[in-house]
Amino acid sequence: MKTLVLFYSTYGHVWKLAEAIAEGAREVAGNEVVVKRVPETLSKEVLDKTGATGAQQAFAHLPVVTPDELKDYDAIIFGTPTRYGNLCGQMQSFMDSTGGLWATGALVGKVGGAFVSTATQHGGQEETIRNFHTELLHHGFIIVGLPYAWQGQMDHEEVTGGTPYGASTVAGGQGERQPSANELEGARFQGRHTADIAKKVSGK
């Protein structure tokens, strides 16, 4: 069985969730897990001005995905920063390039889900994931979220991400806050849970 964790990250927050998702998915026996990035659409000049260039060096070694690769996986878990309650432009541009897969039904029956990062606690985490789910449904994915079996999203003692729709983190207005231990554990749970479901669906 093969699982792809596919993400875009500006300052590294979504990447850290992606690595935790992958850790959880690897706990499922017989599951080969791959972490990849979607193509960048911003120029180096813009990335330099926003301070993203240095942050992105931490995960620059990860390969960039091509749309045709998606059909090779049993499960795909997508990660994106939030932009006004929706996918970031880079992830949306990649999803827009998957029309050929949609036309042939190449992704129908695959297991998938989403995870996100926002600047603030109420910055559109659930809305972004639900918007992503809409796109996955058009492709015929079986959607898996982050159920309340993971008790960490019941925590009210600290500011924390984590929604029944998928894992999330709060980055802060300047990207100063890193994913917490609780948020990373939620991501691991989602990765493991999604891979478990995919294994059952695929019969592998």
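**Notebook: pockets, salt bridges and an annotated tryptophan**

I began with the second largest pocket, which holds about 180 Å³ of space. For pockets I worked on a 1 Å grid over the protein atoms alone: a cavity is a set of points where a 1.4 Å probe fits but cannot get out, a pocket is an open set with protein on both sides within 12 Å along at least five of seven lines, and lining residues have an atom within 4 Å of a point. Grid points are joined across faces, edges and corners, and the volume is the space filled by probe spheres set on the points.

The model is predicted: local features need pLDDT of at least 70, side-chain atom pairs count only at pLDDT 80 or more, and totals for chains, interfaces and linings use all residues. Residues are numbered from 1 along each chain as its sequence is written, and side-chain values use heavy atoms, with hydrogens and water left out.

**Second largest pocket**

I listed 13 lining residues, with Arg37, Glu40, Leu47, Gln56 and Phe59 nearest the centre. Helix 2 (44-50) and helix 3 (52-56) are the elements that each give two or more residues to this lining. Helices (H or I, at least four residues) and strands (E, at least two) are DSSP runs, numbered from the N terminus. By class I found six nonpolar, four polar and three charged residues in the lining. Here Ala, Val, Leu, Ile, Met, Phe, Trp, Tyr, Cys and Pro count as nonpolar, Asp, Glu, Lys and Arg as charged, and the others, Gly among them, as polar.

**Largest pocket**

I then looked up the largest pocket, at about 310 Å³. Its lining has 18 residues, and Tyr11, Pro81, Arg83, Ala119 and Ala171 lie nearest the centre. Helix 1 (13-26), strand 3 (75-83) and strand 5 (111-118) supply at least two lining residues each; strand 3 gives the largest share, three residues. The lining divides into 12 polar, five nonpolar and one charged residues.

**Salt bridges**

I noted nine salt bridges in the structure, each being a side-chain nitrogen of Lys or Arg within 4 Å of a carboxyl oxygen of Asp or Glu. Glu23 and Arg188 pair at 2.8 Å, N to O. Glu23 is in helix 1 and Arg188 in helix 7 (residues 181-202), so this bridge ties together parts 165 residues apart in sequence. Glu23, Arg188 and Glu185 are linked in a network of salt bridges. For accessibility I took buried as under 20% relative accessible area, exposed as over 50%, and partly exposed as in between (1.4 Å probe, protein chains only). Glu23 is partly exposed at 38%, and Arg188 is partly exposed at 22%.

I next looked up Lys204 and Asp74, whose closest N and O atoms are 2.8 Å apart in a salt bridge. Lys204 lies in the segment after helix 7 and Asp74 in the loop between helix 3 and strand 3, so the pair ties together parts 130 residues apart in sequence. Lys204 is exposed at 56%, whereas Asp74 is buried at 14%.

Glu183 and Arg177 form a salt bridge with closest N and O atoms 3.1 Å apart. Glu183 is buried at 1%; Arg177 is partly exposed at 21%.

**Trp102**

An unreviewed UniProt entry annotates Trp102 as "binding site". UniProt positions are given in the numbering used here, feature names are shortened, and annotations may be inferred rather than shown by experiment. I placed Trp102 in helix 5 (residues 99-104). Trp102 counts as exposed, at 53% relative accessibility. I found contacts (heavy atoms within 4.5 Å) from Trp102 to His138 and His139, not counting residues up to four places away in sequence.
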